[in-house]
Amino acid sequence: ETALDARALRADFPILSRLVDGRPLVYLDSAATSQKPRAVIDAEVAFLTNENAAVHRGAHTLAAEATELFEDARATVAAFVGAPPEQLVWTSGATAGLNLVAYAIGNATVGRGGPASSRLALAAGDEIVVTEAEHHANLVPWQELAARTGAVLRHIPVRDDGTLDLDAAASVIGPRTRIVAFAHVSNVLGIVNPVAELVVLAHAVGALTVLDACQSAPHLPLNLPALGVDLAVFSGHKMLGPYGIGGLYGRADVLDALPPFLTGGSMITRVTLDRTEYLPPPQRFEAGTQPVSQAIALAAAVRYLDTVGMDAVHEHERVLERRLREGLRTIDGVRLLGDSPAGIERVGLAAFDVDGVHAHDVGQYLDSRGIAVRVGHHCAAPLHARFGLTASVRASTALYNTVEDVDLFLETLADVRGFFGVGA
Ligand code: PMP
């Protein structure tokens, strides 16, 4: 009935067959972290069992095998986002990737990067533009960078229907704008943002674009070079991979110009007691021992996604998303955050408020029925404030969710106000 057989896929995810309080688990919290297929768990165990060694050094067999697997993983994950391997930097996650970029630009600003990096330097009064819907990971590092450099942070507002106000964007992004940082998909609204339009506005004023692709990478075909962004981050644990691994993609000339953030071993060509020369990207940004087993397991995760096919994943989740959203609209007292009209591209995610019942109570009630959702501000407090809330409930899907998962969630939620004695 959808583009893929989710019921068959579920057999690949051991955790999905466990019980919660005696009931089958209905996992609708993949936007926080995804579940892992056996192939990913096995890949990490197999590496640690058979090839484990420090990469890029050592003259022994294990070191050579580990290095080859590690660099093959880079090529696999880079290809998944449409990039050549040298344009993919390993990070420990999206938060680390965004901080890397913000601190590196700060280093360029104080002249730590040579002539090539001067084009990335900020001056007092320069502007950094984000959106009102950003995850704190794509907001706080820019606040910090602004504070360190005298730059000014501005934002593109979100309309009542959850879409970005592109008319406002055209005036917020101006001659002083040097950086435009935004999510591909908001982790609260689920809306796919108009990347091409924002890139055009940013590039027209010579600004650098930074894309947070955390919530798009697991759900739709992603080609970062084709999107035209300068830099982009994603997080392994949200795309069936392990914790502690993520990616930073960069255009070749931008990565070349970017000074390092963390410094130390493995990112140098020559070191004396006084000074150091750095390796080119991506190694320039990979100081210290890297998350090797995690990178190899992330490659297994994207191979799994590729085998299913990202077009099929996207189509499947579109069906779930429509059913979820249409169902939520029919439940008394439920208000969706950013319920834009049909025709807006989304992933399988909906955040909502239940009139008269606190989000945490909704979450506990659902949990008592085996249904896992996320409650709180989902690290997007400014967006919640925009909608007059401090917390919401979020249900989010992945390729392994079924129509039955969504229906059970909706049926259970329909009783929540009655359970708490609220409403008619
Ligand atoms: N951006 C978005 C849109 C997210 O959903 C998340 C994860 N909650 C992050 C950034 C941060 O990712 P991580 O915690 O894995 O670094």
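This is a predicted model: local features need pLDDT of at least 70, side-chain atom pairs count only at pLDDT 80 or more; totals for chains, interfaces and linings use all residues.

Q: Fine. How many bridges join S5 to S6, and do they run parallel or antiparallel?
A: Five bridges link S5, residues 127–131, with S6, and the two run parallel. Within that pair, Val 129 sits opposite Arg 154 of S6.

Q: What order do the strands of the open sheet come in?
A: The order is S4-S10-S9-S8-S7-S5-S6, seven strands with mixed pairing.

Q: And which ones are the edge strands?
A: S4 (88–91) and S6 (152–156), each of which pairs on one side only.

Q: By how many degrees are neighbouring strands turned against each other?
A: On average by 20 degrees, if you ignore direction.

Q: OK, helices now. Which strands does H5 lie across?
A: H5, residues 140–149, lies across S5, S6, S7 (177–183) and S8 (208–212). Relative to S5, H5 runs at about 165 degrees.

Q: Switching topic: what do S11 and S12 form?
A: A hairpin, with four residues between the two strands. S11 (268–271) and S12 (276–278) are antiparallel and joined by three bridges. There, Val 271 faces Thr 276 in S12.

Q: Last one. Where does UniProt place the "Aminotransferase class V" domain?
A: The UniProt record, an unreviewed entry, puts that domain at residues 26–409. In the model, the end C-alpha atoms of that span are 8 Å apart, and the span is 38% helix and 17% strand.

Key: Residues are numbered from 1 along each chain as its sequence is written. Side-chain values use heavy atoms; hydrogens and water are left out. Two strands pair if DSSP finds at least two bridges between them. Axes are lines fitted to C-alpha atoms, for helices over the stretch in contact, and angles run from 0 to 180 degrees between N-to-C directions. Contact means heavy atoms within 4.5 Å. UniProt positions are given in the numbering used here, feature names are shortened, and annotations may be inferred rather than shown by experiment.
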